[in-house]
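Let's go through how some labels get assigned in this model. Have the sequence and the 3D view ready.

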Amino acid sequence: MATYVFPVTVSPLLTVLLVLAALAILAALGQRSSGMPGLPRLPVVGSLPWMTGTTPPHLLFMKFGRKYGPLFELYLGPHRTVVVNDHDHAREVLLQRGRDFAGRPSMVTTDLLTRGGKDIAFSDYSPLWKLHRRLVHSSFALFGEGSSRLQDIVLSEVDGLCAELLSSNGRGFDPSLAVTTAVTNVVCTLVFGTTYKHGDGELQEVMRYNDGIVQTITRGGLVDIFSWMKVQEKAQRELDEEVGERAVRAADRGRLPYLDSIINEGMRIRPVSPVLIPHIAMSDSSQVTRPSTPNRGSKSEPCHKTFPDRFLDDQGQRVTPSCFLPFGAGPRICVGESLARMELFLFLSSMLQRMSFMLPGGATPPNLQGRLGVVLQPLPYKVAVRPRAGWEVSTHVN
Ligand code: HEM
């Protein structure tokens, strides 16, 4: 058998230099013709070699934004991708020119999951997508209007969740199963008219499949409460003064601006969908206005304030900066926003009314970085729960 041996007359240093030079030439060949600042790219793999490492995409994009400005491009393989990294441009893309950018790219994984885009979130802008959104809106209207049935459905899950959390008797535990069961049951009641018992085998199957949007809602809130004991106490004082021991109702939201600001802050520092779902331009001519002075913060909004001032004015009343878009905006705005807001409010207020959350003895604070899939999920953590005075018995009747 013949053995081929390359004559090793080239030193390792020279080899490295040659490889670097080849890469530089390839990168130069792949230069952008658009003139937009952005990451280098290579044929086939695009900018991916510059995006390796463990930093999740939303943090990576912020880092690149500091270098390339609020609007920059990169190539995901052969696909040109423009990252919109400040809220003025985000508002332009999502709202003012929302229709121009309301498409969704076709991706192998999501096409498989959604049987070729038969869902809402990953379906391209189309008459079918519009019909599906209209159906969801009219169903919510049906549940919400007049009967406020939506609230009753959420409240029935609130009681079960609180009882389950309080049954932990002060032990440290991972609340994800209890929280997921409660929020999944809300959706199951709406869609199928049935609920799951805790620990149901089918529910666990659904959870494995759907390990995403719903569980992030309240787990995120709990994670953030840990390091915020004073914030927790202040929210509980507000609840004691404004609601007392009766069940919290959606109508109480106006009286609980501090609690509302905690929910907003939770969604700000731990966004459910930090890079939204990718949008695609409806035509090749769709363009975003290019910034004349890159790398500047926004002119229009005080987004630098700290918690809780960010969402409260001097009188302690709620304010919502227009840069705050946790549910997105425009044609693709989250279709579940009203349900999500009601759940966030009723679950968090009822839990804080009835119990206090703390770190179990000896446990380290949870890692807040999260894990980004379709949504940003909290990493597993443990919490301990102590009933508040008057709520020691989990069967407390309202
Ligand atoms: C705190 C909870 C939630 C937050 C912060 C949130 C946020 C978002 C965001 C940022 C988007 C992407 C918008 C875009 O691509 O421009 C989205 C899309 C979507 N969300 Fe939510 N979401 C939440 C809960 C829910 C719930 C409970 C449901 C279902 C009942 C839901 C259903 C959807 C759907 C179907 C879409 C896709 C809309 C479309 O493409 O037309 N979301 N959500």
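Helices here are DSSP runs of H or I with at least four residues, strands are DSSP runs of E with at least two, and both are numbered from the N terminus. This is a predicted model, where local features need pLDDT of at least 70, side-chain atom pairs count only at pLDDT 80 or more, and totals for chains, interfaces and linings use all residues. Residues are numbered from 1 along each chain as its sequence is written.

Q: Why is H7 called a helix, and what follows H7?
A: A helix needs at least four residues, and H7 (residues 176-192) has 17.

Q: What makes Val179 in H7 buried?
A: Buried takes 20 or more other C-beta atoms within 10 Å of the residue's own, with C-beta atoms placed from the backbone. Val179 is on the buried list, as are Thr180 and Asn185, among others.

Q: How do you know that E1 and E2 pair?
A: Pairing takes at least two DSSP bridges; E1 (residues 71-76) and E2 (residues 79-84) have six, in the antiparallel sense. Phe72 sits opposite Val83 in E2. Two residues lie between the strands of this hairpin, where Gly77 has a positive phi near 60°.

How values were computed
Expected span 1.5 Å × (residues − 1). Buried ≥ 20, exposed ≤ 12 C-beta atoms within 10 Å, placed from the backbone.
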